[in-house]
Amino acid sequence: MEFEIKRKRLIEGLRQHNINERVLSAIERIPRQLFVPDNEQENAYADHPLPIGCGQTISAPHMVAIMCDLLDISDGMKILEIGAGSGYHAAVMAKLAGSGHIYAVERIEALALSARDNLKKAGITNVTVIVEDGSLGLPQFAPYDRISVAAAAPEILDTLTDQLKVGGKLVIPVGRLYQELYLVTKTDGIKKEAKGGVVFVPLIGKKGFS
Ligand code: SAH
């Protein structure tokens, strides 16, 4: 079956998660096969995680959709992603941010290199992939409108909430064995909302797991 047909079917499947149309349209505009290894091409539009090498995974499309939906990304935003992996999630956010910019941090250099390559092939020009320990955020471009964390942290990290603008939002999976996805909104304080159980690879780093 052709990628385009599979992509349309995936979008129909994502509707059961009540994802807003803007997010669905961003997903529809990203050729996911460009972010998936050669030996997983036939599964490029399956709604589950896939191995991308170095023991890491590209998240399932519904998880990317749910996180983008929670972040409520609009045109022009400056966004930090922790855990660039294949670059796919950053590509979807790049469509949602339009004239904005995504800084995507990845600790494994080989993955960062292939993420850059994948993004280039997909024609995405508003993502910068940086090799760093994202558990410390990325202070040089802070503050951010939105922060999206794609690896499970030990707690909601102050390093990240400190780098959010007032009015900004963060999505972050928290926990080692049982993980919960949190939506954090920074106002005059910090509002935390639990959004359900999830499964992510661990965030490894100074403020992450060892
Ligand atoms: N968003 C990715 C999936 C990421 S999987 C995609 O769309 O493909 C989680 C990624 O987080 C892995 O690539 C892992 O290497 C990375 N990671 C783990 N700890 C990290 C840290 N402290 N800083 C940056 N990246 C980290």
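Is Tyr103 buried or exposed? Tyr103 is buried, at a relative accessible area of 13%. The structure discussed here is a predicted model.

## Aromatic pairs

Four aromatic pairs turn up when the whole structure is searched. One of them joins Phe3 and Tyr45: the ring centres are 6.0 Å apart and the planes meet at 50°, so this pair is classed as tilted. Phe3 belongs to helix 1 (residues 3-14), while Tyr45 is in the loop between helix 2 (21-28) and strand 1 (50-53), so the pair ties together parts 42 residues apart in sequence. The two partners fall on either side of the 20% limit for buried residues. Phe3 has 28% relative accessibility and is therefore partly exposed, whereas Tyr45, with a relative accessible area of 8%, is buried.

Tyr103 and Phe141 make up another aromatic pair, and this one is stacked, with 4.2 Å from centre to centre and 10° between the planes. Distant parts of the chain are linked here as well: Tyr103 is in strand 4 (residues 101-106), and Phe141 is in the loop between strand 5 (127-131) and strand 6 (144-149), 38 residues apart. Phe141, at 30% relative accessibility, is partly exposed, whereas Tyr103 is buried. Together with Tyr144, Tyr103 and Phe141 form one aromatic cluster.

## Charges over rings

The cluster member Tyr144 also has a charged residue over its face: Lys78, at 5.6 Å from the ring centre. A second case involves Arg32, whose charged end sits over the ring of Tyr88, 5.0 Å from the centre of that ring.

## Ligand site

The ligand is surrounded by 25 residues, and the closest of these are Ser86, Glu106, Asp133, Gly134 and Ile204. For Ser86, a polar side-chain atom is 2.6 Å from a ligand oxygen atom. For Arg107, a polar backbone atom lies 3.2 Å from a nitrogen atom of the ligand. For Ile204, a polar backbone atom is 2.6 Å from a ligand nitrogen atom. On its own the ligand would expose 580 Å², and the protein buries 99% of that area.

Asn118 is located in helix 5 (residues 109-121) and has a relative accessible area of 10%. Since the limit for buried residues is 20%, Asn118 counts as buried.

Where does Pro61 lie? Pro61 is in helix 3 (residues 61-71). With a relative accessible area of 1%, Pro61 is buried.

Residues up to four places away in sequence aside, Pro61 touches Leu10, Leu14, Arg32, Ala46, Asp47 and His48. Among them is Arg32, whose charged end sits over the Tyr88 ring. Two others, Leu10 and Leu14, fall within the residue range of helix 1 (residues 3-14). The C-alpha atoms of Pro61 and Ala91 are 12 Å apart in space, and these residues are separated by 30 residues in sequence.

Terms used
Residues numbered from 1 in each chain as written. Predicted model: local features only at pLDDT ≥ 70, side-chain atom pairs only at ≥ 80, totals over all residues. Heavy atoms only, no water. Phe/Tyr/Trp six-rings, centres within 6.5 Å; stacked < 30°, edge-to-face > 60°. Helix = DSSP H or I, 4+ residues; strand = E, 2+ residues; numbered from the N terminus. Buried < 20%, exposed > 50% of the residue type's maximum accessible area, 1.4 Å probe, protein only. Lys NZ or Arg CZ within 6 Å of the ring centre and 35° of its normal. Near = heavy atom within 4 Å. Polar contact = N/O pair within 3.5 Å; in protein donor to acceptor, adjacent residues only side chain to side chain. Areas by Shrake-Rupley, 256 points an atom, 1.4 Å probe, with all protein chains shown as cover. Contact = heavy atoms within 4.5 Å.
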